[in-house]
Every structure is written in C-alpha cells, then in structure tokens.
Amino acid sequence: GGALGVDPVAEGSVQEWATMYERNALAALRVSQAFLPGLRERGGDLAFLTSTAAHDTYPGGGGYVAAKHAERIIANTLRLELVGEPVRVIEIAPGMVATEEFSLNRLHGDAEAAAKVYAGVAEPLSADDVAACIVWTLELPAHVNIDSMVVRPRAQASNTLVAREQ
C-alpha cells in the first residue's frame, strides 16, 4: 500500500502524496498497460490490491485515500473498457492487516505508534488472509468475475470503527 504519514490535508506533505500516488495509481497504470496486450490476446486476470481506503475516507488519511481511490477507479474503468474481452478485472480491498511494515512505514519508523494501530484488536487480518482471498478470486471459473471484494477482520466495522479489547 505504501501509506506515508497521517497528517491532515491542510498539513500534508506534497512529496509524500506524490509518492503514494506513484506507488498506487501510476504503478497500477504501468503494470496494466504492460500486461494488457497479452491478456487481451490470450485471456487472463488483472488483480488490483487496493484497500478499504479506496471505498471510504478517514481523518489523517487524505493522501493514501486519494491514491487508493485513484487505483480503484483505474480498475473500475478497465472493467468497462474491457467488457466482452477475455480479461477479468478484480479488486481486493483489505481493511486492517497487521504486517510488520505497513504502519511502521506510514508512521515514519515509530515502532511504538505502529504497535498502537493494532493494540487490543482481537484478530487483525494477516497477509495470508489477503492472499487466500486473491487466490480464491483467481481460481474461480473464467466466466466468474469478482469485481470488488472488501475484506476486513471481524473486529473492524469501517475504516474508523474498530473493536478493541481493554
């Protein structure tokens, strides 16, 4: 995901926003363009790993949310542009996934703050949970397309409402 910072929009770093847009929207564009000729010819799948940030917003997430919304719109637009062709366009949008890097990178290496992101959450998603969702969508018969799958841990109802044990 490459989220950087949690600054409000009014104080957001233009460089961090540009980096997030590059890592998410422009990387998705470049990869899609590179693979589309072969996919159109032989058939296949384009799977986009976005985020629940692509579906809603939250305070301090403006740059990441904007980048993930852009990535999601690339997938949605491609699905329309490729209708009738042998290419499935799939979006997987995970919520809270506890990995070693995500929050640590977002919070500029502040390990204490990164640990608080997942503190008290019974079972955040793991990278393996997300991978299983991706595999499931790809193993379906070729005529079945999962346009968009939002996947969250049971403890997360939205981007801003998370159950935490005391």
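On a 1 Å grid over the protein atoms alone, a cavity is a set of points where a 1.4 Å probe fits but cannot get out, whereas a pocket is an open set with protein on both sides within 12 Å along at least five of seven lines. Lining residues have an atom within 4 Å of a point. Grid points are joined across faces, edges and corners, and a volume is the space filled by probe spheres set on the points. By this rule there is one cavity of 30 Å³ or more.

The model is predicted: local features need pLDDT of at least 70, side-chain atom pairs count only at pLDDT 80 or more, and totals for chains, interfaces and linings use all residues. Residues are numbered from 1 along each chain as its sequence is written, and side-chain values use heavy atoms, without hydrogens and water.

The largest cavity has a volume of about 70 Å³. Its lining comprises 15 residues, with Leu4, Gly5, Asp7, Trp17 and Met20 nearest the centre. Helices α1 and α2 each supply at least two of the lining residues; helices (H or I, at least four residues) and strands (E, at least two) are DSSP runs, numbered from the N terminus.

Helix α1 covers residues 14-42. Its 29 residues should span 42 Å at 1.5 Å a residue, and the end C-alpha atoms are 40 Å apart, which agrees. The expected span is 1.5 Å times one less than the number of residues. α1 bends by about 45 degrees at leucine 36, and proline 37 follows within four residues. The bend is the angle between axes fitted to the seven residues ending at a residue and the seven starting there. Glycine 43 follows α1 and has a positive phi, near 90 degrees.

The largest pocket has a volume of about 830 Å³. Of its 37 lining residues, Tyr64, Gly95, Val97, Phe102 and Tyr118 are the closest to the centre. Two or more residues come from each of α1, α2, α3 (102-106) and α4 (111-118). α3 gives the most, four residues.

The second largest pocket has a volume of about 160 Å³. Of its 14 lining residues, Glu85, Val87, Arg88, Val89 and Asn145 are the closest to the centre. β2 provides the largest share, three residues.
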